[in-house]
Structure formats: C-alpha cells, structure tokens
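Look over the sequence and the model before reading on.

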Amino acid sequence: MTADRPARGRRALITGATAGIGESFARQLAAEGWDLVLVARDAGRLDTAAAETADRYGIRVETVPADLSTDDGCARVERRLTAGDPVHLLVNNAGTSLSRPFLRSTVADETQLLRLNVHAVLRLTLAALGPMTTRGDGAVINVSSVAGFGPVMPGSTYPASKAWVTSFSESIGQSVRASGVHVMALCPGYTRTGYHERAGIDMSAMPGWIWLRADDVVAEALRDLRKGKTVSVPDWKYKLAVASLRHVPRRLLRSAFRDRRGRVDPPGR
C-alpha cells in the first residue's frame, strides 16, 4: 500500500467493522475510494452500515456476517479472502477483553478471548497473505494495543493476547516484505469506542486526557502504513508510554500498575 497508488478499484476487508476503530477504518477508507468487505457478528447492523456507507461514498460494499470466535465464522471470512475479487488490505480489528481477573474467570471465557484475539488473527492473516504474496501486493493491519508492551492490567489476559499480536505481526511482516506485502501492528492506547462498556469494564475513573478518538487513531495508522512502519503507536503520549514499558525495570512496572479488577482477595475478606 503506497501513498501514490489510487484507491479506486482496491478493496479492504475489515473485521469488527460496525463500531469504534473498525467503523472508522471503513469510513476513512471509503472516503478515499476503497471498496469494502465488512465483517461483524450482527447481520442486521452490518447490512445497515453497508447500505449507508455505499450510498454516502458511492463505493461497493459487501458484508460477511461471522462470529470470529468460532471455526465456522473464521472459515467464512477465509473463503472470502481467498476467492472472489481480490482483497488488497485486511484490517484485523475484532477483539475482546474480560471484566474479571484470571482466577475468577472460566476456561470457556478465556478460550473465547484467545480464539478472537489470537486464533482469528492468525487464520485470517494466513488466508490473506497467500493471494497477496502471489500478486506481490497487499497489506495487513492487525489491531493490537499499547497494553501488549507490559503487564499493565494485573489479572487480565488481554495484554498477553495483544503482545502476541504485535510480535506475530512484526515477525510475519519481516517474512513477506520482500514479496511486496506489508504487515503492521496498530497499538493504540485507551480509545473511545464503546469497547469497554460492551465488555463490562468500568473506566469512569480514567481522566479525560488519556482518551484518544477512533478517527485520530485510524488516520495515524493509515499514515504509518504508507510510511512502511511495522508498528504504529498513535499519539505522542502513548509513544512515550511504550518507550517506558519497553525500558523500565519490571519491578517498577509491578508497583506502578495495580488494578482492582486484577486483585484476588484471600477467602473471607
């Protein structure tokens, strides 16, 4: 994906496309003239978003209703990535978190998190890269998180899943770069998307200045993709945060990040 290549006639597939960062990717790419394939679980909401986007921007919009935490859902999207009109950009945006710590969680819930945050990203990236490397053209954006750079949410397995996404993207990106294909991890900080509310996570104590706008995150991500970056961290304050997470001793991180959600009190307290 280069800055001088016209978008008209090119196609992006976006997962988690009806809200937050995914919805912003759809809107900004449509404004540039990209055709879209939108993926989400809610078929009705997906059809409404597709119709509105096609009408507003005069582009072609396909929909693939799919729950990517299931094998059937992943298989449905894999088929679209490997057949039909070519997909030039894959945005793996769908993801989830849990509102309780690991020791109060269940195997079923933790497995669902891993299937959506890790397993689906692996499967769809692999499906997309085959046609892209054959053509010698294409890009993948895997939406990760600043949380993946350190244990910033004690008791949560979300940062571990996002650490995998970032490492995976960097590694695979190195292997396909010579084929003319680009893989980038997008690592935003706290972003107003409705994501935390849907996960049942109370963020009311977080100060206003810490939050990013989804539109700003996506605009910077697309600029970084065109610059050829492997990891995109939008906003200067989160660039500083990542630098700290990478270099501050782990014992200091453990004392700095204390989260009631991650604490498990002794029995009887």
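## Helices α4 and α5

Are α4 and α5 roughly parallel or roughly perpendicular to each other? The model is a predicted one, and in it the axes of α4 (residues 107-135) and α5 (residues 158-176) cross at roughly 10 degrees. Angles under 35 degrees count as roughly parallel, and α4 and α5 are therefore roughly parallel to each other. Their axes come within 9 Å, and the crossing is right-handed.

On the α4 side are Leu-113, Asn-117, Val-118, Val-121, Leu-122, Thr-125, Leu-129 and Thr-133. They meet Tyr-158, Ser-161, Lys-162, Trp-164, Val-165, Phe-168, Ile-172 and Val-176 of α5. By residue class, this contact of α4 with α5 has 11 nonpolar, 4 polar and 1 charged.

## Helices α1 and α2

The axes of α1 (20-31) and α2 (43-57) come within 10 Å and cross at roughly 25 degrees. That angle makes α1 roughly parallel to α2. In passing α2, α1 makes a right-handed crossing.

In this contact, Arg-27, Ala-30 and Ala-31 belong to α1, and they meet Thr-53, Arg-56 and Tyr-57 in α2. The residues involved divide into 3 nonpolar, 1 polar and 2 charged.

## Helices α1 and α7

α1 also packs against α7 (residues 214-227), at an angle of about 60 degrees and with the axes 9 Å apart. That makes α1 oblique to α7. The crossing of α1 and α7 is right-handed.

From α1, the contact takes in Gly-20, Ile-21, Ser-24, Phe-25, Arg-27, Gln-28 and Leu-29. From α7 come Ala-214, Asp-215, Val-217, Val-218, Ala-219, Ala-221 and Leu-222. Sorted by class, the residues of this contact are 9 nonpolar, 3 polar and 2 charged. Arg-27 of α1 is listed in the contact with α7 and also in the contact with α2.

## The second largest pocket

Which elements give two or more residues to the lining of the second largest pocket? The volume of this pocket is about 200 Å³, and the elements that give two or more residues to its lining are α1 and α2. The largest share, 7 residues, comes from α2.

In total, 13 residues line the second largest pocket. Glu-23, Arg-27, Ala-49, Glu-52 and Thr-53 lie nearest its centre. Arg-27 and Thr-53 also take part in the contact of α1 with α2.

## The cavity

Rolling a probe the size of a water molecule over the atoms shows where empty space is left. The count comes to 1 cavity of 30 Å³ or more, and the largest cavity has a volume of about 30 Å³.

Its lining consists of Thr-15, Leu-68, Asn-92, Asn-93, Ala-94, Leu-116, Ala-120, Val-121 and Leu-124. Helix α4 gives the most to this lining, with 4 residues. Val-121 lines the largest cavity and is also among the α4 residues that meet α5. The lining of the largest cavity has 6 nonpolar, 3 polar and no charged residues.

## A residue with positive phi

Where does Asp-235 lie? Asp-235 is in the loop between β9 (231-232) and α8 (236-247). Phi of Asp-235 is near 80 degrees, a positive value in a residue other than glycine.

How values were computed: Residues numbered from 1 in each chain as written. Predicted model: local features only at pLDDT ≥ 70, side-chain atom pairs only at ≥ 80, totals over all residues. Heavy atoms only, no water. 1 Å grid on protein atoms, 1.4 Å probe; cavity = no way out; pocket = protein on both sides within 12 Å on 5 of 7 lines; lining within 4 Å. Points joined across faces, edges and corners; volume = space filled by probe spheres on them. Axes fitted to C-alpha atoms, helices over the stretch in contact; angles between N-to-C directions. Parallel < 35°, antiparallel > 145°, perpendicular 65-115°, else oblique. Left-handed = near helix turned anticlockwise from the far one by under 90°. Contact = heavy atoms within 4.5 Å. Nonpolar A, V, L, I, M, F, W, Y, C, P; charged D, E, K, R; others polar.
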